[in-house]
Amino acid sequence: MDTAAGEVESKREGTDLCLSGGGYRAMLFHAGPLRRLNDAGWLRKIDFISSVSGGSIAADILGRYWNRLRFSDADESALNFDAEVVDRIRALARLTIDRRSVVGGLLRPRATIGERVAAAFRDNVFGDFTLQDLPEHPRFIITATNLQTGKLWRFSRPYMWDWTLPKIEFPTTSLATAVAASSAFPPFLSPVRMSIAPSEWPDPSGWNTRLPDHVILSDAGVYDNLGLEPVIKRCETVLVSDGGGQMEPMVEIPHDWPRHLLRVLDVIDNQVRSLRKRSLISSYLDGSFKGAYWGIRSDIEKYGALDKIPVTPALTRDLAMTPTRLRALPDDTQERLINWGYAICDAGLRSWVDDALEAPTALPYPQSGLMP
């Protein structure tokens, strides 16, 4: 993993939550862990939230409304969490953004597809909020892939950059643009072109190349679908919620060049994701750092916590097959995705991080459940 020398801490400290990509599927799945962390009083313990694609949508709805949360002095949970965060995530999940943006961009190319996605996010959830409107704590880090340098681009309140370029300090980029770049899933929603005025760059002396007047950004999952890169060197405890997709087996491999190339790219992508996950789990097991991983495809029975929420494996497997789209999902699917994220996060937290935590008494949406 590449990391700028100035960003590596001599001593890791603090707690990070990583939210993976995966379209609305991941956005809703991550709403479950966010709800469980809030119920457990852990949400206020988080120092960094690093997000990718669909995870960035969930994270930045949380960031957009963070200052409106009313935290209880008794148990550290936000009493209005559902109204300010979960309900807003669900409202967005009732809207189809990708198809309308693609068709509009093709028919009226004056505005790019990426610009149309950003406009949809701005109109429906983020308004005119910018990176400077995010809270100072926790620090929200929205990631994208810089296709010009091949590095991970970070949007945050203090700065935005990739490590090969100077830091643009205190950027006023809109949250809608940052999230659109993070979720610019290729090939249809990618790329997002973001202009950078010369005055935004710091003193260019010492840089042996001309600083660009724009960056071309794509889905962060192209580079790191778990969102680990910005925090793996700096945090002592890393919690990872993975709502990402998985390459499915294919018996008949297409021989035409376009489809064959797409299959090869799927294999490369799957290998990179698998290596990151295995490295992460190994780091937990050898004590390199603390934390827990839970995923939409995890087997809850492999977690050691007692009184785990009962689930039906066939149902959770079906939820994991929800397409990676920004397409409206029915309410029952939304509720089950949130329930599943809540249940597997609870198992991960109580197995690996906080064994004194009491088991929950109910799912967020008991009527939808996770059983037949």
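Start with helix H2 (residues 53-65) and helix H6 (residues 175-182) in this predicted model. H2 passes H6 in a right-handed crossing. Their axes cross at roughly 160° and come within 8 Å. Angles over 145 degrees count as roughly antiparallel, so H2 is roughly antiparallel to H6.

Next, show the side chains at this contact. From H2, select Ser53, Ser56, Ile57, Asp60 and Arg64; they meet Leu175, Val179 and Ser182 of H6. By class, the residues of this contact are three nonpolar, three polar and two charged.

Now select Gly114, Val117, Ala118, Phe121, Arg122 and Phe126 in H5. On the H6 side, their partners are Leu175, Ala176, Thr177, Val179 and Ala180. This contact is made up of eight nonpolar, two polar and one charged residues. Leu175 and Val179 of H6 are listed in the contact with H5 and also in the contact with H2.

Finally, zoom out to the whole chain. Coloured by secondary structure, the chain shows nine helices and 10 strands. Of its 372 residues, 55% are buried. Among contacts with a separation of 6 or more, 74% join residues 24 or more positions apart.

Definitions and conventions. Residues are numbered from 1 along each chain as its sequence is written. This is a predicted model: local features need pLDDT of at least 70, side-chain atom pairs count only at pLDDT 80 or more; totals for chains, interfaces and linings use all residues. Side-chain values use heavy atoms; hydrogens and water are left out. Helices (H or I, at least four residues) and strands (E, at least two) are DSSP runs, numbered from the N terminus. Buried means under 20% relative accessible area, exposed over 50%, partly exposed in between (1.4 Å probe, protein chains only). Contact means heavy atoms within 4.5 Å. Axes are lines fitted to C-alpha atoms, for helices over the stretch in contact, and angles run from 0 to 180 degrees between N-to-C directions. Ala, Val, Leu, Ile, Met, Phe, Trp, Tyr, Cys and Pro count as nonpolar, Asp, Glu, Lys and Arg as charged, and the others, Gly among them, as polar. Angles under 35 degrees count as roughly parallel, over 145 as roughly antiparallel, 65 to 115 as roughly perpendicular and the rest as oblique. A crossing is left-handed if the near helix is turned anticlockwise from the far one by less than a right angle, and right-handed if clockwise.
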